[in-house]
Amino acid sequence: MNEEKALEIINLLEKEYPNAKCELNYNTPFQLLVATVLSAQTTDKKVNSVTENLFIEYPDLDSFLTLSREDLEEKIKSIGLYRSKSKNIMNMCIALKEKFNGKVPSEFDKLVTLSGVGRKTANVVISNAFNQPAIAVDTHVFRVSNRIGLAQADDVLKTELQLQKAIPKEYWSLAHHLLIWHGRRICKARKPNCPNCTIKYECKYYIKLKAYKP
Ligand code: SF4
């Protein structure tokens with residue numbers, strides 16, 4: 001897709017979602033990193049319900065380091081995959097203390113060395129906590145961008161690279177939020193609400209659907 005059309009889509013989505021932003025609650029880069037690791041395969045709402053008290057009791061790296069893995073498991077057990085998430089978060093905390101002077105690094109290459117931190121999490125952190133352009137491809141961004149035709153890829157990495165090519169850098173972070181918001185509200189996985197979609201006339205999926213006459 002060319003840049004002009006990509007920008008037209010972003011523009012339409014921005015009008016629809018003028019307040020699009022990260023829906024995880026956090027006050028610091030460390031809290032965002034923990035919340036994003038917790039968010040794998042669950043909803044932001046669920047994560048926020050757990051971190052609300054967790055971040056009051058344990059607001060920073062040093063307080064997290066007083067927790068045992070079992071303590072953390074107990075506190076996040078209402079979230080899926082809580083055992084592996086606890087293990088990753090505790091290993092991540094140790095590495096932050098020992099290798100990064102107790103600070104969350106702002107560089108992508110350093111972030112992905114931490115336990116439980118893949119491309120998506122690293123991109124979420126550098127974009128939201130450090131204001132650097134990044135397109136984190138989660139399940140919504142993957143599905144929506146491939147339906148629209150902003151990308152045409154069968155995996156998240158190819159999707160990320162194609163989106164980076166199609167969208168000017170200064171719009172990467174905004175596009176990430178807009179695609180997530182659209183995926184959560186209209187372009188849902190099982191039943192996209194195409195008739196009420198603001199970008200339907202720009203969408204490859206919809207155009208194909210309308211052209212199909214059985
Ligand atoms: S037209 Fe349908 S498939 Fe395309 S973006 Fe909108 S809801 Fe999704």
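The legends below describe several close-up views of this structure, which is a predicted model.

**View 1. The two domains and the side of domain 1 that touches domain 2.** The domain assignment divides the protein into domain 1, made of residues 3-20 + 135-211, and domain 2, made of residues 29-128. Between the C-alpha centres of domain 1 and domain 2 the distance is 28 Å. Where the domains meet, 8 residues of domain 1 are in contact with 5 residues of domain 2. On the side of domain 1 that touches domain 2, helix H10 (156-166) and helix H11 each supply at least two residues. Divided by class, the residues on that side of domain 1 are 4 nonpolar, 2 polar and 2 charged.

**View 2. The largest nonpolar core of the model.** This core has 60 residues, and those with the most contacts inside it are Val-125 and Leu-150. Helix H2, which covers residues 29-38, gives the most to the core, with 7 residues. Because domain 1 and domain 2 both give residues to this core, it lies between them. In soluble globular proteins, nonpolar side chains tend to be buried together. When residues up to four places away in sequence are not counted, Leu-150 touches Met-1, Ala-6, Ile-9, Ser-145, Leu-163 and Ala-166.

**View 3. The packing of helix H9 against helix H11.** Helix H9 (residues 139-148) packs with helix H11 (residues 172-185) at an angle of about 85°, and the axes of the two helices are 8 Å apart. Since angles of 65 to 115 degrees count as roughly perpendicular, H9 and H11 are therefore roughly perpendicular to each other.

**View 4. Val-141 and Arg-143, two residues of helix H9.** Val-141 has 27 other C-beta atoms within 10 Å and is buried, whereas Arg-143, with 18 C-beta neighbours inside 10 Å, counts as partly exposed. The residues that Val-141 touches, not counting those up to four places away in sequence, are Ala-136, His-176, Leu-179 and Ile-180. For Arg-143, leaving aside its neighbours within four places in sequence, the contacts are with Gly-183 and Ala-189. Computed along the sequence, Val-141 and Lys-5 are 136 residues apart, and from C-alpha to C-alpha they are 17 Å apart in space. The C-alpha atoms of Arg-143 and Leu-65 are separated by 37 Å, with the two residues 78 residues apart along the chain.

**View 5. Asn-101 and Asn-131, two residues with a positive phi.** Most residues other than glycine have a negative phi. Asn-101, which is not a glycine, has a positive phi near 60°, and Asn-131, also a residue other than glycine, has a positive phi of about 55°. Asn-101 is placed in the loop between helix H6 (82-99) and helix H7 (108-111), while Asn-131 is placed in the loop between helix H8 (119-128) and H9. With 8 C-beta neighbours inside 10 Å, Asn-101 counts as exposed, and Asn-131 likewise counts as exposed, with 10 C-beta neighbours inside 10 Å.

View 6. Pro-29 counts as partly exposed, since it has 18 C-beta neighbours inside 10 Å. Apart from its neighbours within four places in sequence, Pro-29 is in contact with Val-104, Val-125 and Ala-129. One of these, Val-125, is among the residues with the most contacts inside the largest nonpolar core. The C-alpha atoms of Pro-29 and Ser-106 are separated by 9.0 Å, although the two residues are 77 residues apart along the chain.

**View 7. Lys-158 in helix H10.** With 15 C-beta neighbours inside 10 Å, Lys-158 counts as partly exposed. Lys-158 and Val-137 are 21 residues apart along the chain, and their C-alpha atoms are separated by 9.9 Å. Helix H10, in which Lys-158 is found, supplies at least two residues of the side of domain 1 that touches domain 2.

Technical notes
Residues are numbered from 1 along each chain as its sequence is written. This is a predicted model: local features need pLDDT of at least 70, side-chain atom pairs count only at pLDDT 80 or more; totals for chains, interfaces and linings use all residues. Axes are lines fitted to C-alpha atoms, for helices over the stretch in contact, and angles run from 0 to 180 degrees between N-to-C directions. Helices (H or I, at least four residues) and strands (E, at least two) are DSSP runs, numbered from the N terminus. Angles under 35 degrees count as roughly parallel, over 145 as roughly antiparallel, 65 to 115 as roughly perpendicular and the rest as oblique. Domain bounds come from an automatic or database domain assignment. Two residues are in contact if their C-beta atoms, placed from the backbone, lie within 7 Å. Ala, Val, Leu, Ile, Met, Phe, Trp, Tyr, Cys and Pro count as nonpolar, Asp, Glu, Lys and Arg as charged, and the others, Gly among them, as polar. A nonpolar core is a set of buried Ala, Val, Leu, Ile, Met, Phe, Trp, Tyr and Cys residues joined through C-beta atoms within 7 Å. A residue is buried if 20 or more other C-beta atoms lie within 10 Å of its own, exposed if 12 or fewer, and partly exposed in between; C-beta atoms are placed from the backbone.
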